[in-house]
Amino acid sequence: QAQLVESGGGLVQPGGSLRLSCAASGTIFRFDLMAWYRQAPGKQRDMVAIITRDGTTTYADSVKGRFTVSRDNAKVMGYLQMNSLKPDDTAVYYCYAALQVTIDGDVNDYWGQGTQVTVSS
């Protein structure tokens, strides 16, 4: 089985930056779609950014121009660079990846445990 582990969250002042990382552990045969979601208290989990295997990206309107998603296919890792952070960006951030973990198996959905990002002065 594979696991996703996020890191890099924390407390930052408005206007500051953070870089989240998502590492996949276990034997991975295929690393397809990778994405970041976030969930603020009392709200649903929303998509923040998506990156396909070939590097095509999609962003939520609220983060366009401020956040950058990237990935390292060889290391099976994903990243979210967050700049010009705002208090509204405060949430638990989750990484998602579509992974094939057996040589003849299907690609399945995997989620990390989440990392807290708090933007406050």
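Tutor: Happy to! Let us start with residue classes: Ala, Val, Leu, Ile, Met, Phe, Trp, Tyr, Cys and Pro count as nonpolar, Asp, Glu, Lys and Arg as charged, and the others, Gly among them, as polar. By those classes, the lining of the largest cavity holds 9 nonpolar residues, 1 polar residue and no charged ones.

Before going further, please keep in mind that this is a predicted model, in which local features need pLDDT of at least 70 and side-chain atom pairs count only at pLDDT 80 or more, while totals for chains, interfaces and linings use all residues. Residues are numbered from 1 along each chain as its sequence is written, and side-chain values use heavy atoms, with hydrogens and water left out.

Now the search itself. Rolling a probe the size of a water molecule over the atoms shows where empty space is left. Here a 1 Å grid is laid over the protein atoms alone; a cavity is a set of points where a 1.4 Å probe fits but cannot get out, a pocket is an open set with protein on both sides within 12 Å along at least five of seven lines, and lining residues have an atom within 4 Å of a point. Grid points are joined across faces, edges and corners, and a volume is the space filled by probe spheres set on the points.

The count comes to 1 cavity of 30 Å³ or more, and the volume of the largest cavity is about 40 Å³. Around it sit L4, C22, A24, F31, M34, V76, M77, G78, A97 and L99. Strands are DSSP runs of E, at least two residues long, and helices are runs of H or I with at least four, numbered from the N terminus. At least two lining residues come from each of β3, β4 (30-39), β8 (77-82) and β9 (91-100).

S21 has a relative accessible area of 15%, so it is buried (under 20%; exposed is over 50% and partly exposed in between, with a 1.4 Å probe and protein chains only). Leaving aside residues up to four places away in sequence, S21 touches V5, E6, S7, W36, M77, G78 and Y79, where contact means heavy atoms within 4.5 Å.

The open space is another story. The largest pocket has a volume of about 220 Å³ and a lining of 13 residues, with R38, A40, K43, D46 and D88 nearest its centre. β4 and β5 (45-51) are the elements that give two or more residues to this pocket lining. Its classes are 5 nonpolar, 4 polar and 4 charged.

Finally, step back to the whole chain, which has 0 helices and 11 strands. Its radius of gyration is 14 Å, close to the 14 Å from the globule rule for 121 residues, so the chain is as compact as a globular protein of that length; the radius is taken over C-alpha atoms, and the rule is 2.2 Å times the number of residues to the power 0.38. Buried residues make up 42% of the 121. Of the contacts between residues at least 6 apart in sequence, 56% join residues at least 24 apart.
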